[in-house]
Structures are given as structure tokens and as C-alpha cells.
Amino acid sequence: MKLNKQGRDELRAKIVEQLQSVPNGQRVHIDKELLEELLFETIVYNKKIRATVKLPFWSGQFLSKIDLSEISFDNVSWLLLSGIGEDTAREFFDDDSFKDFKKLLAEVESNRKLNTYHVDYSNTNANIDFLKSFEAAYETKTPKMCGVSFYGVDFSNLDISMFSFIGDSNLGNTGIKVSSLDGLYSGQIMDVSLKNIDLSNFVLSARKIIDRKTPFVGCCFANTKLNIIYNPKEFELKPGETAKPDFGRSIFADLLKDGAFDGCYINGKLVHTNEDRQTVAQEKRAEYEKMKEYLISQTTGSIEEQVSGLGRK
């Protein structure tokens with residue numbers, strides 16, 4: 001006998017409460033069949049052929065304290081619970097199924113007030129074969145994801161080129177490979193954190209980043225060691241545009257200020273993080289104080305010695 005939706009929600013709440021006492025870095029084991037029942041809500045999206053999709057309904061940072069290594073993620077959609085999921089689901093869900101889907105989506109949106117992403121698997125030990133995901137197997141024939149945080153999950157065996165679209169997601173600290181930019185198209189990876197992913201072999205034009213003529217649109221490149229070429233002439237207004245403000249330069253400056261390029265190279269010069277800049281500033285202040293104290297000590301000591309000598313005369 002399986003739990004109904006209310007029963008699942010009650011058990012989910014109790015588990016989250018108990019997990020608060022589990023130390024970070026440790027994981028508890030939950031029966032595989034029960035855990036899959038809690039993690040996913042399954043919808044029969046086409047009742048005529050009994051076609052189903054699994055939605056990663058139950059997620060959050062607490063999942064990092066549960067062992068997910070045995071869980072099957074086959075037929076899971078990593079797109080439908082995102083902001084663009086409703087339009088996607090409308091295309092192939094039948095009417096009754098779409099109503100059920102909308103109820104789940106509303107719950108996820110409500111929970112999102114406490115979470116940055118619709119689905120959060122950050123720092124988990126999930127083993128996911130994206131080629132067996134719902135999108136890859138049935139919908140678009142290629143993996144997609146949107147609105148998901150996989151921060152800290154081990155994706156070192158994956159290449160980003162396998163995804164036909166990644167949007168509004170966090171792949172920071174996953175170790176995902178970017179073997180080549182060949183074959184990637186503009187906007188294929190959009191609004192994604194790539195923090196600490198190795199992009200040291202690649203060169204991107206600052207103008208193309210702003211103009212969205214790059215596979216990586218609106219992404220965070222912090223600590224990727226990406227090489228960015230900034231040519232001021234590319235940001236100059238074109239003939240006939242003198243009356244219009246050039247937003248490109250200011251957009252790039254805002255991204256730079258927000259830390260999107262920290263740890264990257266712009267025209268060969270390393271962009272230091274705020275922490276690095278603060279450390280350097282503290283070191284310089286300490287060096288200045290040491291120099292100041294030395295000069296004061298030396299100067300006052302010299303004067304005292306001279307005054308003392310004058311008194312003996």
C-alpha cells in the first residue's frame with residue numbers, strides 16, 4: 001500500500017525536520033522505494049496511451065543529507081517544473097493531466113519563495129543519466145534542464161554539449177566538462193552559474209557576451225579562468241546611433257561589478273574577487289601601518305637622541 005499525496009507531504013515534512021540534526025557532510029539512508037515515492041510525483045500526461053512523467057517535486061538543500069546514490073532518475077523531467085515548464089507541458093499533456101500538473105506547479109512556485117531554484121539537488125550524491133531523462137527519451141530527444149540547482153554534484157563525467165538547452169540553473173562546482181565550443185549555438189546555456197568550471201582554454205569577446213552571440217548568455221563565469229577580450233571600439237556607437245545611449249558598455253560594467261567575471265582574465269589581466277581585493281587592501285593597510293610606525297619610531301627616537309645630546313652641553 002502506498003501513501004496518498006497528503007500522507008507523502010506529512011512524511012516529507014517530518015523527514016526535513018529530523019534532517020536538521022544530521023551534521024553537514026553526513027547522509028542518512030531511506031528505503032529506496034519509499035524515497036523515490038517521496039522525491040517524485042508521477043503524472044499520466046496522456047491517458048490514452050498511459051504515458052507518464054516523473055516530476056522532481058520534493059527537493060531542497062536538505063537532500064544533501066540523504067543518500068540518493070541508489071535512486072533511479074529515469075523518465076524524470078528537469079524542465080517542466082521551471083518557469084517555462086507550463087508552456088512546454090501544455091503542448092503534450094491532455095486536459096485532465098494538465099490540471100493536475102498545474103496544481104503541482106503551484107505548490108512548487110509557493111515553495112520557491114524559500115528557494116532560489118524550482119528544483120534543488122545541490123551537494124547531493126545523485127547519479128543521474130540525463131540521456132534517460134524525460135526530455136531525452138520522449139520530448140526533445142536531447143537532455144534539457146531549467147530552474148535546477150546541481151551545485152556541488154559530481155558531473156565530471158558529463159560534457160555540457162550533451163544538453164540542447166540549460167536555463168536558469170546552477171552548475172557551479174560540478175566539474176562538468178566543456179570540451180569545445182564547436183557545435184554550441186547562441187543562447188544554448190542561458191542564465192547559468194558556471195562558477196569554478198574550467199573554461200581556461202576558451203576566449204570570448206566581451207561584445208558577443210553582451211550581444212548574446214555566444215553559447216553562454218547571462219552566465220556567471222566566476223573562477224572559470226575564462227579569457228575575455230575587451231575591445232573598446234566594439235562598444236562605440238555606430239553611425240546614426242549618436243542619439244541613442246550605448247547600453248553595452250554599462251551592461252558589461254554591471255556584470256563585472258556583480259562578480260560575474262571574478263577569477264577570469266580580461267585582456268590577459270586577472271579579475272580579482274571581492275575577497276581578493278579586500279585581502280590585498282588589508283595587506284596594504286597593514287604594510288602602511290608598519291611603515292608608519294617605523295618612521296614615527298625612527299624620527300622621534302632621532303629627535304630624542306639629539307635633544308639628550310644638547311642637554312649634556
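User: In which loop is Asn267 found?
Analyst: Glad to start there: this is a predicted model, in which local features need pLDDT of at least 70, side-chain atom pairs count only at pLDDT 80 or more, and totals for chains, interfaces and linings use all residues. Residues are numbered from 1 along each chain as its sequence is written, and side-chain values use heavy atoms, leaving out hydrogens and water. Helices (H or I, at least four residues) and strands (E, at least two) are DSSP runs, numbered from the N terminus. With that numbering, Asn267 is found in the loop between β11 and β12.

User: What is the phi of Asn267?
Analyst: Asn267 is partly exposed at 46% relative accessibility, where buried means under 20% relative accessible area, exposed over 50% and partly exposed in between (1.4 Å probe, protein chains only). Although Asn267 is not a glycine, its phi is positive, at about 50°.

User: Which residue is the bridge partner of Asn227 in β11?
Analyst: Strand β10 (residues 227-229) pairs with strand β11 (residues 265-266) in the parallel sense, over two bridges. Across from Asn227, the bridge partner in β11 is Tyr265.

User: And in the sheet β4-β6-β7-β9, which residue in β6 does Met145 stand opposite?
Analyst: This is an open sheet of four strands with parallel pairing. The strands β4 (144-146) and β9 (216-217) are at its edges, each with a single partner strand, so one side of each has no neighbour in the sheet. Three bridges join β4 to β6, which run parallel. In β6, the residue opposite Met145 is Ile166.

User: Are α1 and α2 roughly parallel or roughly perpendicular to each other?
Analyst: Helix α1 (residues 5-19) and helix α2 (residues 32-39) pack at an angle of about 105°, with their axes 10 Å apart. Axes here are lines fitted to C-alpha atoms, for helices over the stretch in contact, with angles from 0 to 180 degrees between N-to-C directions. Angles under 35 degrees count as roughly parallel, over 145 as roughly antiparallel, 65 to 115 as roughly perpendicular and the rest as oblique. The two helices α1 and α2 are therefore roughly perpendicular.

User: Which residues in α2 do Arg8, Leu11, Arg12 and Ile15 in α1 meet?
Analyst: Contact means heavy atoms within 4.5 Å. By this test, those four residues of α1 meet α2 at Leu34, Glu37 and Leu38.

User: How do the residues of the contact of α1 with α2 divide?
Analyst: Ala, Val, Leu, Ile, Met, Phe, Trp, Tyr, Cys and Pro count as nonpolar, Asp, Glu, Lys and Arg as charged, and the others, Gly among them, as polar. The residues of this contact divide into four nonpolar, no polar and three charged.

User: How many aromatic pairs does a search of the whole structure find?
Analyst: Rings of Phe, Tyr and Trp (its six-membered ring) pair if their centres lie within 6.5 Å; planes under 30 degrees apart count as stacked, over 60 as edge-to-face and the rest as tilted. The number of aromatic pairs found in the whole structure is 23.

User: How far apart are the ring centres of Phe73 and Trp78?
Analyst: Phe73 is buried, with a relative accessible area of 2%, and Trp78 is buried too, at 1%. The planes of their rings are at 40°, so the pair is tilted, and the distance between the centres is 5.9 Å.

User: What is the angle between the planes of Tyr121 and Phe150?
Analyst: Tyr121 is buried, with a relative accessible area of 0%, and Phe150 is buried at 0%. Their aromatic pair is tilted, 6.3 Å centre to centre, and the angle between the planes is 50°.

Methods. Pairing = 2+ DSSP bridges.
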